[in-house]
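Q: Please guide me through reading the features of this structure, one at a time.

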Amino acid sequence: MALEHGGKTYETDEEGYLVNLSDWSEDLANEMAKADGAALGENHWEVINFLRDYYEEYQIAPAVRVLTKAVGKKLGKDKGTSKYLYELFPYGPAKQACKYAGLPKPTGCV
Amino acid sequence: MADFETPTLKPYPVIPAIEIGSMAHSQPFVAKEDHQQKLGFPGELVDDWENVAVKKLGELVDKSRALRVFLDSCVKCGACTDKCHYYLGTSDPKNMPVARQDLLRSVYRRYYTLAGKYFPSLVGARDMDKSVLDEWYSYFHQCSQCRRCSVYCPYGIDTAEVSMAAREIMDTVGVGQKYCNEIIGKAQTIGNNLGLPEPALADTLEGLEEDIEEETGVVVRMPLDEEGADILLVTPSADFFAEPHVDGLIGYAKVFHQAGLSWTLSSYASEAANFGMFIGSYDNMQKLALRIREAALELGVKRIVFGECGHAWRVAYNFLNTLAGPFDFLDPDYPVPQHICEVTYDLLQRGALKMDPSANDDMVVTFHDSCNIARGSRMGDFEGGQLVIPRAVIKASCNHFVDMPADAIGEGTFCCGGGGGLLTDDLVELRVKGALPRMEALHEVTEHHGVTHLAAICAICKSQFSKILPYYGFEMDQVVSIHQLVSNAIQLDGQQAQ
């Protein structure tokens, strides 16, 4: 599969995750969200940016608990819950947010 | 994502009228070339694949007497037809266990029985061709290898073994399933199914230690790669990553802490789940099992304990010694390996843990027996221990426990709908529909007994329920880990009052 944007073609897997992580841009993230019928607001970007920073350091997306804790620290305790993250990313914070952040999908029993 | 309708919950379970071909479209993503090659399988459909497949089938029935007997002995009595959760949820008659077995049996008859060689059409024998292969790919990925049908089969035919054999043949000709094979590759290189490298694991565990201290005021450690520890804990990597799994992991740590047991996790063997079993590949199953042996030797532990994971426990309990033994370097006073529920149960029996079950008074709990534990293994030293011990641990941790109807638990337990290598988003329709019998049983106890939470003992079940419960009008956080209940109830020395 592939994603067309700005006259360029980007390779994706069957579910729309970017194959080459270096292809990612903010524009492309917005484009992927648009294709899912979603729009990325400031709150989404807080999460996406955290995911990208974490991935850069650890080569993997953070555990849900690590993510909720980080969001809680930054945006207040009431937002440091998986409920809040599911409101932002209804298909699951780990999976949907990773997709927009240009990271591979978490695999395993998750 | 394909559109489909979630089945409606009826007041009592009904065997559905058949809908031919209703799930013929369902099939998971095919493994990429590099996923295949990492596991020693061809990257794409090989030349002369029909003969390669038939030859492999011959090898498998020669090697496994059980498989040959399963293929030879079915008398089409029909006892299994209404026992598969995927049939009950999808109405597709090919999801009746006998029909699923026949997909492979028809080819076996054609090439390996006298009648099938000479009078194929009289005995339902079929040539191995592309349409057969396509059907295999679809319907052998609609079997979660839960073995419920085998309980009701008068001959004990185990469809799980048939489905594992079919998947192995498909891998051998170059048609693998992406979800399983990508994961096995990760576990063999990085050490776990998630692909969680050591620094990320260390960081995650450190964060959890902080959480426990913040909550209880007690320093409870989550040791990683500590040489000289007594116990190596091998747990599904989902326990590090997902909810409610992680609350179970916290529970294990609290039990070890309070009992004064020295333990460690290993970053090299940071996965209990062994997906090699799902694809019927002994070699791949063995590679994953050997990592556990190597880690145990390296760290110099005396015991190996497994966390909450269904098929991991089946592989561990039944096959670990064959795959990676002998474990004569471990302490013979303890079972090799031991389940975390056995550890907690023994401590409870000895009065070594102080529990306050009122900590879970906000819940009325029921328990989902995992297939591979209920039907595929044992806990403790008495018959049925695998059914009794998890319940005893739950009951010691909470005051309100109600079992689901008898035909939906214990030996007759229904699969969560996502086991056997099917816990992937490309099969979500199958997963939702296959969960129907469990959802009906749950609905029964929520309606009549006020049950609020479903406790599970397997990483796959927990993830499956978190995803599927909302389709049936439940909340995703109604699923809890057994050791999450333990974690809430256990009284740690020096703990702050709640």
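Q: Against which elements do the buried residues of helix H22 (residues 482–489) of chain B pack?

A: First, the basis: this is a predicted model, in which local features need pLDDT of at least 70, side-chain atom pairs count only at pLDDT 80 or more, and totals for chains, interfaces and linings use all residues. Residues are numbered from 1 along each chain as its sequence is written, while chains are lettered from A and ligands numbered from 1 in the order in which they are written. Helices (H or I, at least four residues) and strands (E, at least two) are DSSP runs, numbered from the N terminus. A residue is buried if 20 or more other C-beta atoms, placed from the backbone, lie within 10 Å of its own, exposed if 12 or fewer, and partly exposed in between. The buried residues of H22(B) pack against helices H13 (245–259), H16 (340–349) and H18 (385–397), and against strands E5 (365–368), E6 (453–456) and E7 (479–481), of chain B. Contact here requires C-beta atoms within 7 Å.

Q: How many residues of H22(B) are buried?

A: Eight of its eight residues are buried, among them B:His483, B:Gln484 and B:Asn488.

Q: Where do the buried residues of H14(B) fall, seen down its axis?

A: The arc is taken from the directions from the helix axis to the C-beta atoms. The buried residues include B:Met285, B:Leu288 and B:Ile292. They fall within an arc of 140°, so they line one face of H14(B). Just after this helix, B:Gly300 has a positive phi of about 70°.

Q: In which sense do strands E1 (residues 2–5) and E2 (residues 8–11) of chain A pair?

A: Pairing requires at least two DSSP bridges between two strands. E1(A) and E2(A) pair in the antiparallel sense over four bridges, and A:Glu4 has A:Thr9 as its bridge partner. Two residues separate the strands of this hairpin, and A:Gly6 in the turn has a positive phi of about 55°.

Q: How many residues of chain A are in contact with chain B?

A: 16 residues of chain A contact 28 residues of chain B. Helix H3 (residues 64–75) of chain A gives the largest share of the chain A side, four residues.

Notes:
Two residues are in contact if their C-beta atoms, placed from the backbone, lie within 7 Å.
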